[in-house]
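Here are my notes for when you have the model open. Have a look at the structure first, then work through the points in order.

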Amino acid sequence: MAPIRSSSFSKSALVVFSLLLIVLLQYEYDATKMTLPSEASGSGVTPFMVRMADLGFSPAVASFLWTTTMPEILDLFNGHAEYLNDVAFVNAVDPNMSYPYAFSVLTLPAIPLKDFQGGLEDALAIGSQGLRSADPDWRIPYYMAMDYYLGLNDTKDALTYFDLAARTPGVPQFAERFSLNFGIGSNQRETTKELWITIRDSTNDEFTKARAQAYIDHLDDLDIIQAAAAQYKQAFGVYPTSTDELLARGILSAIPQDPFGFTFVINGDGTSGIDLNKLPSYILAQPAQ
Amino acid sequence: MRNIFVIAKNTLKLEIRDKILYGIIIFGLLYIFFTLFLSDLVLKELPMVKSFGLTGIYFFNAIIALFLGTTSFFKDVDRKVVYFILSKPVSRAQFLLGKFFGLCMVLFFATVILSVAYLGLILYEHGGFDALGLLAIAMQFLEMALFLAFAIFVSTFSSSLLSIVYTSGVFFLGHVVSSLLSAAKQIGLGGIKLVLVEILYYVFPNLEKFDARDLAIHAVAMPFTEFALAVAYAAVYIILLLSAAIWIFEKKEI
C-alpha cells in the first residue's frame, strides 16, 4: 500500500531491497539444510531427469512407476529381468519409499532358480540399500532375516536382522514377538546363545554388545526355568504346570526377570517358553497387524 | 483497507460462481476418489496413498491458481469492471491488492474442499488424522499464493495468453532451479556459467522450498527455521511482485 504513493526512488529501493532480502533468505534456507539436493550415487541420468522435471512430485511419480513395476516380478519366471532395472529406477526417483525394497526382499528369493538365477543375492542387495536409504520399515530387515535363515542357512545374520526388525518403529506385535524369540526353542537354544555370544564378543559397538547380552540373558532365563522344571519332575514325578509351582515348592527362590519383559511358561513336556497371552506392554502398544 | 476488503470479497463472489472453477474442483475430487483404486494397486501402502493424494491437491490447486491468476484481471478489463471500480475513490493499488486477496480466498476455498476429501481418504485407509499432511497442504497454499502474485504481476503488462505462458514457465522453472544448481555443481560447472546459474537460483522464485510433502509422506524432519524462512521468502516475494504489479499498473493507460 505504501509503495504506490512513494517516490520513484523509494520504489526502486524497495525492489532492490526485496531482491537482496530474497537472496539472503535463499542463502539462509540453504544453510539450514545439510546438503543441496543431490543425486543418489550409482543411479543413471534418467531418474535424475525425472526428478528434475517432476515439479516436486517425486514420491507420487515413484508410486505411479511402482504400480507398473510391481507386476513385472512375474516376468522373472520367464527369465526377463526388467524388474531389477525398473525397481532400481523407482528407488532412484524416490529413495525413501520403503515398499519397493521390502517387496523385492520378500519376493525375489521365491523365484525358482531354474527361472531366474541370483534372486536371493539381488534381494539382499536391494534390502541393504533400503536399510540405508528408505524410511524405517520393519519389513525390510524382517524379510532379510528370513532370506538369511531360509535361503542361506545363516542364523547369525538372521538373528541380527530380526533384532533390527524388532527395534524398528511401527513393527507389529507378531513380528516383534517372533523376532525377539527367534531361536529360543529348546533344541536351538544353545546354538542361538553361542551366536549371540559371538556377536557380543566381536563388536566394539556398546549398543550391539548390550543388545546381544540381553538376548543371552533371555536364553539363560529360559534354560534356568527348564532346568528347574526338570528338577521339579525328579522330585515330584510330574512337570510343574506353571512357574509359580517352582517357587511354591522351593525349587527356585525367584523367577528370573526377562530383559524383554516376557512371562515364562512351562510346556507339558517340561520345556520352557514364553507366554503368548501375556505379552509385554510395549509390544501390546504396537499395531496388531 | 476497507476498499481492499470489499474488492477481495467481490472477487471471491464473482470467481466462486465460475463454472470452470467448479469443474476443476470436481475433477480434483474425482482424482482423490480415484486414489482409492490406486491405493489398491499399491496394496494400500500408506506413504504411496498419501503421495497420490497430496500430489492431486497440489496439481489441481496449481491449475486453479493458473486459471484464476491469468484470467481474473483480464475478465475485469473485458467486462469494463475495472473502469467502474477505478472511477470510484479506489486506487489502482487497492484494486490489485483486493484482487490478490480475493483470489487467495477462492484458492483457500478450493484447498479446503480438496483437503477434506484427502483427509477422509487417509482416514478411510486407516492412516488416522494426517496433521502433517495438512501442514504440507498449507505450504502448498503458500506456494500457490506466490504463484497467484506472479500471475497478477504478468497480467499487468501482457496478454492473457502470454500470462499463462509466463506463469507456467515460472512454475516449471521454480521447481527446476534447485536441481539445476545441484547439477551444475555435480558436473563441475565453474566461472561465469556457474555464476549465471547461481543468479538464476537466488533471484528466480524457488518453489521447491514449499514442498513439505516429504514431511507427511516420509516423516522427513523439516526444521522450524526452514518453515519460517520459506514463509518469509514467500511474503517478501509476494510483496515484491505486487509492488511491481502496482507500479506497472499505475503507469498503464486503461
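**Notes on the predicted model**

1. K50(B) is a lysine worth a look: its relative accessibility is 11%, so K50(B) counts as buried (buried means under 20% relative accessible area, exposed over 50%, partly exposed in between, with a 1.4 Å probe and protein chains only). K50(B) sits in helix α3 of chain B, residues 46–78 (helices are DSSP runs of H or I, at least four residues, numbered from the N terminus). A polar atom of the K50(B) side chain lies 3.5 Å from the backbone oxygen of A216(B). Setting aside residues up to four places away in sequence, K50(B) touches Y118(B), I122(B), D130(B), A216(B) and I217(B) (contact means heavy atoms within 4.5 Å).

2. Before you read on, keep in mind that this is a predicted model, where local features need pLDDT of at least 70, side-chain atom pairs count only at pLDDT 80 or more, and totals for chains, interfaces and linings use all residues. Residues are numbered from 1 along each chain as its sequence is written, chains are lettered from A and ligands numbered from 1 in the order in which they are written, and side-chain values use heavy atoms, with hydrogens and water left out.

3. How do α3(B) and α6(B) pack? Their axes are 9 Å apart at an angle of about 25° (axes are lines fitted to C-alpha atoms, for helices over the stretch in contact, and angles run from 0 to 180 degrees between N-to-C directions). The two are therefore roughly parallel (angles under 35 degrees count as roughly parallel, over 145 as roughly antiparallel, 65 to 115 as roughly perpendicular and the rest as oblique). Residues making the contact include L54(B), I57(B) and F73(B) of α3(B), and G133(B), M144(B) and F147(B) of α6(B).

4. Over in chain A, α10(A) (residues 189–202) and α11(A) (residues 206–236) cross at roughly 155°, with axes coming within 9 Å. That makes α10(A) and α11(A) roughly antiparallel to each other. Among the residues in this contact are W196(A) and I197(A) of α10(A), plus Y215(A) and L219(A) of α11(A).

5. A229(A) is also in helix α11 of chain A. Is A229(A) buried or exposed? At 0% relative accessibility, A229(A) counts as buried. Leaving out neighbours within four places in sequence, A229(A) is in contact with Y239(A), P240(A), L246(A), I266(A) and G270(A). A229(A) and S272(A) are 43 residues apart in sequence, yet 8.2 Å apart in space, C-alpha to C-alpha.

How values were computed. Polar contact = N/O pair within 3.5 Å; in protein donor to acceptor, adjacent residues only side chain to side chain.
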